[in-house]
Amino acid sequence: MAVSYARLIVNPAAGAGRTAKKWPQIMSLLKNIGLRFEHDLTEAPKHAIELAKSAAKKGYEFIVSVGGDGTINEVVNGLNDAGSIDHVLLGIIGTGTGSDYIRTLGIPRHPREACQRLLNPRRVVVDLGVAEYTINGRMAKRLFVNFAGLGFDAEVVKATTQRFKALGSVPSYLMGLLTTFLSYQNVEVSLEVDGVTEQRRVCSVMVNNGKYGGGNMFLAPQADPGDGLLDMLIIGDITRPDLLCSLPRIYRGTHLTHPKVTIKRARQIRIETREPISLHADGELLGGSPVSFRILPAALNVAV
């Protein structure tokens with residue numbers, strides 16, 4: 001299909017601020033290939049939600065996210081808030097640090113190739129995840145495109161964003177990983193998966209719609225964002241030395257043979273804990289447990 005007009009939502013802060021430096025080049029590339037567009041720059045967290053909501057209500061049918069997975073998340077939630085998610089086509093130019101979601105979809109990471117794809121995109125219909133969680137004693141809801149997690153990985157996100165963000169993307173992540181590794185304790189959880197409940201002690205629970213997460217970790221090799229199912233990765237009661245030794249396996253996708261690792265496919269998941277634990281979705285810290293997840297099948301049109 002051919003498109004001729006787009007609304008771009010650009011997050012200059014994505015990729016530790018590198019998107020702001022890349023944007024003039026991207027703008028030039030888009031003009032050179034003949035794509036007519038307008039654009040907005042985000043100014044704060046969650047601003048992309050409002051910009052996407054406004055663009056959808058104004059009648060834009062092709063809206064492009066320029067940023068990382070967190071930017072995509074906000075744009076999708078804005079489209080949903082506007083009631084337009086089923087008839088807007090989402091384009092993506094990935095400029096974030098990880099940009100895990102586009103790896104699953106096969107969207108090029110290089111700006112020139114990604115821009116070229118926008119001119120004559122192929123439309124694919126994908127699922128979305130829905131997370132209902134607790135924040136400040138109240139329930140809230142957020143869609144996610146790629147993956148959500150509780151436990152160890154959410155605590156890494158929390159440490160990275162709240163304690164070490166000023167260090168820059170890679171140093172802050174490494175410091176967040178190190179401090180969480182040294183202090184984190186596995187937790188007792190109640191897992192209800194499509195109506196079947198079990199009690200487990202876990203390090204982390206990750207609910208995946210895409211294959212990659214956490215900066216190119218191959219978390220769920222069999223995940224398919226169009227199959228109507230969530231792939232839940234459970235890392236059980238693993239010791240710190242074993243977790244450290246196993247991290248390289250997650251990048252290669254060979255962790256599924258570990259005896260403490262389980263994959264379950266489901267449409268609905270509920271997780272309860274004695275004490276609240278943190279939740280993130282698409283790398284953005286949201287709130288905490290108890291949390292319910294469900295799949296929203298065939299919910300989003302993406303240009304690939």
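In which strand is Arg 142 placed? Arg 142 sits in strand 6, residues 138–144. Strands (E, at least two residues) and helices (H or I, at least four) are DSSP runs, numbered from the N terminus. The model is predicted: local features need pLDDT of at least 70, side-chain atom pairs count only at pLDDT 80 or more, and totals for chains, interfaces and linings use all residues. Residues are numbered from 1 along each chain as its sequence is written, and side-chain values use heavy atoms, with hydrogens and water left out.

Arg 142 is buried yet has no salt bridge. Buried means under 20% relative accessible area, exposed over 50%, and partly exposed in between (1.4 Å probe, protein chains only). A salt bridge is a side-chain nitrogen of Lys or Arg within 4 Å of a carboxyl oxygen of Asp or Glu. The nearest side chain of opposite charge to Arg 142 is Glu 74, 4.5 Å away. Lys and Arg count as positive, Asp and Glu as negative; His and the chain ends are not counted.

The salt bridges number 7. One of them joins the side chains of Glu 38 and Arg 7 (2.7 Å, N to O). This pair links distant parts of the chain, strand 2 (residues 36–41) and strand 1 (residues 5–10), 31 residues apart. Glu 38 is partly exposed at 30% relative accessibility. Arg 7 is buried at 9%. Arg 7, Glu 38 and Asp 40 form a network of salt bridges. Arg 265 and Asp 231 also meet in a salt bridge (3.2 Å, N to O). Arg 265 lies in strand 12 (residues 261–266) and Asp 231 in strand 11 (residues 230–235), so the pair ties together parts 34 residues apart in sequence. Asp 231 is buried, at 2% relative accessibility.

Backbone geometry has some exceptions. Most residues other than glycine have a negative phi, and most peptide bonds are trans. Asp 194 has a positive phi of about 50 degrees. Asp 194 lies in the loop between strand 8 (187–193) and strand 9 (196–202). Asp 282 has a positive phi near 50 degrees. Asp 282 is buried, at 5% relative accessibility. A cis peptide bond joins Ser 289 and Pro 290, with omega about 0 degrees.
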